[in-house]
Number of protein chains: 2
Amino acid sequence: MATLKDVAKLAGVSIGTASSALNRYAGVKDSTRKKVLEAASLLNYRPNGAARDLKTQKTDTIAVFLHDLAGPFYSELIRGIQDVADEYEYATIASRGGKGRNTTWTRLLLEGRVDGAIVLDPTVPDEVIRSTVGPTLPIVLLDRILDTPYCLYVAADHEGGAYQVTRHLLETGMRRVAFVSGPADSHDSNLRFKGYQRALKEFGIETDHGLIFHGDFTERSGELVARAMLSCNELPEGVFAANDEMALGIIHGCESSEIRVPDQMAVVGFDDITVASYINPALTTVRQPMYELGGAAARNLFRAIRGDKDIPPVILPTQLILRDSSRFYARGGEGHNLPVNV
Amino acid sequence: MATLKDVAKLAGVSIGTASSALNRYAGVKDSTRKKVLEAASLLNYRPNGAARDLKTQKTDTIAVFLHDLAGPFYSELIRGIQDVADEYEYATIASRGGKGRNTTWTRLLLEGRVDGAIVLDPTVPDEVIRSTVGPTLPIVLLDRILDTPYCLYVAADHEGGAYQVTRHLLETGMRRVAFVSGPADSHDSNLRFKGYQRALKEFGIETDHGLIFHGDFTERSGELVARAMLSCNELPEGVFAANDEMALGIIHGCESSEIRVPDQMAVVGFDDITVASYINPALTTVRQPMYELGGAAARNLFRAIRGDKDIPPVILPTQLILRDSSRFYARGGEGHNLPVNV
DNA sequence: CTGTTAGCGCGTTCAG
DNA sequence: CTGAACGCGCTAACAG
């Protein structure tokens, strides 16, 4: 790799002059700047990132931590983030947290290789976030709330979305609506449970603990829950699964046991993953505005990087997507999107 | 952030000693190492990444460039890469190429912020790869072949997979099998076309240019192609779309025009994306071993980083997945996976 | 065993 | 307008 020194030598100037010609807009004669620029492009010169970062004490890079880079779900989020980062001329890099000692977040966060981060990954411990966040490294959390300076929060209205979809079930006259949770430590799952409870209360229904099931956000756990439900004496009229994967698993479990959805039991999910509209019956669910979420996260992150204090949390509205898996009347149609605004 | 100097001062030793105590396993008295370690953890010390990279001339990080972080498709690839990278104690960061001048690959590749890269992203220009690849930065290409030193190639057997799925259609007695290509500059699409042609030739069928359609890998383009097909006087008996998204679009287009798949026209795709098994009719397609592909790519990359020359290309076998969209006989079943080994 | 020192490549003073 | 010199934080070689 060609270094600044090489460029300076080729251009016949000193290293300091070369630097000025390349980075600053004043203080260099036009003719010498031209010489330097020529030399640089001739040598295919690019400043060494590590050296520049070390000197300037910034990296112009932000990190996005995702639990699993799966799904158009996250893809949209990243698009939202990256479009904003492009505006600000920041690079965006994504990563999953590994397992071992030498995890990626160690490298990126602790060793100061980025200027800010956006986290949607439960495997990144609170402790790591607490000990690295600060004025020189603000962090936007999408999956939890931490009451720590420079920790920002941006999320969809999980509680409201859950309320709405539960209410939708109750409005059809159901009384026995089950809830399937995600992992106990999932903030999102807990918020969705709250929304579920609020709807129930509003309809004057007591929470029945026999109708609360526990999964872990995987399709597999949904199947297991379905099996558990079927072994009870009475089937719920409807099930609200805290995410779509579990809803899929439940539908699949019903299929195996010849339980018809939605006729014998309605199933609704949360997230609106791609397959939700393709399965049979198409899944009623709650869509999060992923692109906007990413954009809002990035925008707030840059405000923090620029030194803004007191950036309030952002909560974006969700959208109820009605499909066949909860439809008792007027079936037919393609099972495609029928959005209902919040 | 605490620096090594701070640690040294607190521990009452020199900066060099502190460094040795932290990084090397010999040459430091146990008691002083202990003091240093204590001071370090007290100060929450972490070496500055930029400084270390600058000094050691390496980053212990590899980059993965993806066109779109969408889909469990890529997710598996990244898992494969990361699992190997973890073994080698390297960090993995993923990125999409942006549009502007200051793209992420500029930063990562040109400014030397990584020790190697894996590319599956047509938006990264050949030229950038050619000008950055070298002994200090080997690159594994998954979506093209570049005959340049330190450019490695790892891929699924696109040609063989295409051959196999085309052959599958021909074996049912079809003679008029259409091909829908991806973008003209897609290496993968071209290989798949080759496989298609080979199968045709083997069955003694002349290539009919009226049966070659051009798409761009999007579902939308599949729909357009379907419309074009329908406006011809004679429908093909079967269609091989160069990827699943386009196959989905074609099926969707047929649906709108009341053409039944597979009864009136069979449709097959390539990739085995998640929805392929969920749509109706479930899509016959070719599965690439994404996880293994990622693992092989990473493994070869590390061989190159370690200085191995002459690493041959790796071509991994694909798997034909028979589902309902190409089944004329013995329908029924769940439409779930029926793998047939290559 | 420990402290001192010389860069890694760059950006930025400060004299000339 | 230009060039020499310093230091960002760290590692490694060398003295003591």
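**Entry 1: ground rules**

I number residues from 1 along each chain as its sequence is written, and chains are lettered from A in the order in which they are written. Since the model is predicted, local features need pLDDT of at least 70 and side-chain atom pairs count only at pLDDT 80 or more, whereas totals for chains, interfaces and linings use all residues; side-chain values use heavy atoms, with hydrogens and water left out.

**Entry 2: where chain A meets chain B**

I first looked up contacts, meaning heavy atoms within 4.5 Å, and found that 56 residues of chain A touch 55 residues of chain B. The two chains bury about 4,300 Å² between them, with 49% of it on carbon and sulfur atoms; buried area is the accessible area (1.4 Å probe) that two parts lose on being put together, summed over both.

I then noted 19 residue pairs in polar contact between chain A and chain B, both residues at pLDDT 80 or more. A polar contact is a pair of N or O atoms within 3.5 Å; within protein, one must be able to donate a hydrogen and the other to accept it, and residues adjacent in sequence count only if both atoms are side-chain atoms.

Which elements give two or more residues to the side of chain A that touches chain B? They are α4 (49–56), α5 (71–87), β2 (91–95), α6 (104–110) and α11 (244–256) of chain A, where helices (H or I, at least four residues) and strands (E, at least two) are DSSP runs numbered from the N terminus. The largest share, eight residues, comes from α5(A).

**Entry 3: salt bridges**

I count a salt bridge when a side-chain nitrogen of Lys or Arg is within 4 Å of a carboxyl oxygen of Asp or Glu. The structure holds 39 of them over all chains, and four are between chain A and chain B.

In E87(A) and R299(A), the closest N and O atoms are 3.8 Å apart. E87(A) lies in helix α5 and R299(A) in helix α12 (residues 290–305) of chain A, so this pair ties together parts that are 212 residues apart in sequence. E87(A) counts as exposed at 55% relative accessibility, while R299(A) counts as partly exposed at 39%; the cut-offs are under 20% relative accessible area for buried, over 50% for exposed, and partly exposed in between (1.4 Å probe, protein chains only).

R113(A) lies in the loop between α6 and β3 of chain A and D53(B) in helix α4 (residues 49–56) of chain B, so that pair joins two chains. Their closest N and O atoms are 2.7 Å apart, and both residues are buried.

I also noted a network of salt bridges linking R46(A), D53(A), R107(B), E111(B) and R113(B).

**Entry 4: strand β3 of chain A**

Is this strand buried or exposed? Five of the five residues of β3 (residues 116–120) are buried, so the strand is largely enclosed by the rest of the structure. On one side I find G116(A), I118(A) and L120(A), and on the other A117(A) and V119(A).

Strands pair if DSSP finds at least two bridges between them. Strand β1 (residues 61–66) of chain A runs parallel to β3(A) and is joined to it by five bridges, with L66(A) opposite L120(A). Three bridges join β3(A) to strand β4 (residues 139–141), also parallel, and here V119(A) stands opposite L141(A).
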